[in-house]
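Trainee: I would like to learn how to read a structure of this kind. Please take me through some of its features.

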Amino acid sequence: MKRFRRLFIANRGEVAARIARTCDRLAITPVFGVSEADRDAPYLRGCESVLLGPARSSESYLARERIVQAAVQTRCSALHPGWGFLAEDPLFASLCEAHGVTFIGPPPAVMQKLGRKTPAKASMAAAGLKLIPGSDGVVHGVEQAREVANAIGFPVLLKAESGGGGRGMRIVRKASEMKAAYDSAQSESLACFADGRLYLEKLIEGGRHIEIQLLADKYGKVVHMGERDCSVQRNHQKLIEESPATVLNDAEREQTLAAAVRATSAIGYVGAGTMEFLLDEGGELRFMEMNARLQVEHPVSEMRTDIDLVEAQIRIATGEPLWFSQEDIRLRGHAIECRINAEDPESGFAPSPGVIDRWEVALCGDEHVRVDTHVESGYEVPPHYDSLICKVIAWGQDRDAACDRLTEALQSLRCDGISTTTPMHLAVLSSKEFRENRYDTSAVPGWES
Amino acid sequence: MNEGVYVLRVRAMDRDGSELLSPSVGVFMPRVTEGDVVASGQSIGMIEVLGVRRELLVPAGVEGRVADRIGGGRARVAVQYDDALLSISTTSMVNLSDADSSETGDPDGALAFTAPMSGRFYSRPSPTEPPFVSAGDVVQRGQTLGLLEVMKTFNRLVYQGDALPESAQVEKVVPNEGDDVVRGDVILALRSLAET
């Protein structure tokens, strides 16, 4: 079996620092590919890095050829794409493989299938998962979108065929709104994913967002690491994630976990992946999409299982068979994560880039609290990229214990100089709606915005 | 494969010198050596990125003798973005910042709407639609002037601010479509209506 000695990190910020931590533990040398905007970032200190290009992503973190060239010339035999940027780009994965760099992720063909949302839905239905009613494939123009919407009934959700992360998505409540929604969804999709194609689904309002963490090796063995509830969202952007999803009934959970494992195996998936579902009013989980990458919220599952997902990704990529079975995975207690973004929740979550004058987290050595971040005092949050600066994750015997511990950790967090979403998280965690689980994806519980 | 060219960026150095900077990560294959004289428009070699080679051209206003070359005498040098490929001892050089001086000396009645934060500027709601405002338009308080993409979200630039009058005429939209602007950069050059 091969072993990676040098691994190229084709990403930035929090996820880049996260991948490097596991590399260090596995005695692999990480090499960071960075843009000019990140060249002095603190997480690069004492590490090998190579400057790809200017701040603009299209000439750095999205520049496929530059990244693969950089991996080759720094003698890396593997590349981890993180999330966002090129993480789910089959062309990039193929380019890596063509130049002798192992891409840490699923095979390009599988990624291609999943990246196009409508063929992915068809495969999942065939494997026994329930779907949300919608267009049969992509829609061709505003007129067809109106026709499909009339047939399934308003309101509907326009979604990007190559999308993810809530970008290129628009709610349409009546036929007259379709043109404006279609145009703006299309231009956002083009800007974010270089693909303006859209498809359409019935909008299920008041649903909960549930997802399943999966791991597959190259030999067809698949396990799940339980589900996560990511229903605290604003404009389809996840803010808080937790596991288990206590709103889910046991029968639906068991049945969907089993079907998800079957479907993962059926499509020939390899590596870490996540299936996203919407829990409808009838208590049924309806498949939305499968993300062929590590997710931002993966630490929630790591805290419950003690499995390092980045380590699993790397070992699977070397060709190692999964070294544990489903029965070996013990899903313990409750874990919950808050995403700290450089945004001002008091003024409509306006972006808040700038210099962090003072950054402090007092953890008191609590092994049940984890802080994933790339920032420190003096760090300047650049305006070019997304606003995630930190994640705080807490574990407890049950949901209340985990929430209490997370609250305590957040109260110790100090960030001067820029606005962050921490006050909003504290309000949510102490709200009755959140604690009693009476909320859905349409509004942030305990926070007026 | 040989596809296209890069015009090199210049970093001015302290004493009569400048550096020509790598436009990308890649392998630099120099065509000039220490002591050679290089001038604007000349190729100093190529950069290869995943097998694709591009010529590297000396930009306008640079002329001088190569004082130093990255990688010593090697024919292929792995470089990163912004590495100094050549140090040029300048014999004559146009000041590249001259272009900026045309902005000064504004006549009476000149106003400016500046970027409230750093980001990427867009003048139109979508690529197929007309711009929010064009030169000659009169803008009113509260009107949308453009979009600023900050941290992957699109923010409306709204005509407002204590220093600006209720309405004004647009002289010029300063940034190009998709340009990166920093906080304080002029987005619109404006003229107050009272003065005209």
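Mentor: Start with what a contact is: two residues are in contact if their C-beta atoms, placed from the backbone, lie within 7 Å. Keep in mind that this is a predicted model.

Trainee: Which residues of α3(A) meet α4(A)?

Mentor: On the α3(A) side they are A:Pro90, A:Ala93 and A:Ser94, and they meet A:Pro108, A:Met111, A:Gln112 and A:Gly115 of α4(A). By class, this contact has four nonpolar, three polar and no charged residues.

Trainee: At what angle do helix α3 and helix α4 of chain A pack?

Mentor: The angle is about 170°, and the axes are 8 Å apart. Angles over 145 degrees count as roughly antiparallel, so α3(A) and α4(A) are roughly antiparallel to each other.

Trainee: In what order do the strands of the open sheet in chain A come?

Mentor: In general, strands of a sheet pair through backbone hydrogen bonds, either parallel or antiparallel. Here five strands of chain A are ordered β3-β2-β1-β4-β5, with parallel pairing. The edges are β3 (48-53) and β5 (102-103), each of which pairs on one side only. Two bridges join β4 (residues 78-80) of chain A to β5(A), and A:Ala78 stands opposite A:Thr102.

Trainee: Which strands does helix α2 of chain A lie across?

Mentor: Helix α2 (residues 64-73) lies across β1, β2, β3 and β4 of chain A, and runs at about 150° to β3(A).

Trainee: How many residues of chain B are in contact with chain A?

Mentor: There are 21, in contact with 22 residues of chain A. The chain B side has eleven nonpolar, seven polar and three charged residues.

Terms used
Residues numbered from 1 in each chain as written. Chains lettered and ligands numbered in written order. Predicted model: local features only at pLDDT ≥ 70, side-chain atom pairs only at ≥ 80, totals over all residues. Nonpolar A, V, L, I, M, F, W, Y, C, P; charged D, E, K, R; others polar. Axes fitted to C-alpha atoms, helices over the stretch in contact; angles between N-to-C directions. Helix = DSSP H or I, 4+ residues; strand = E, 2+ residues; numbered from the N terminus. Parallel < 35°, antiparallel > 145°, perpendicular 65-115°, else oblique. Pairing = 2+ DSSP bridges.
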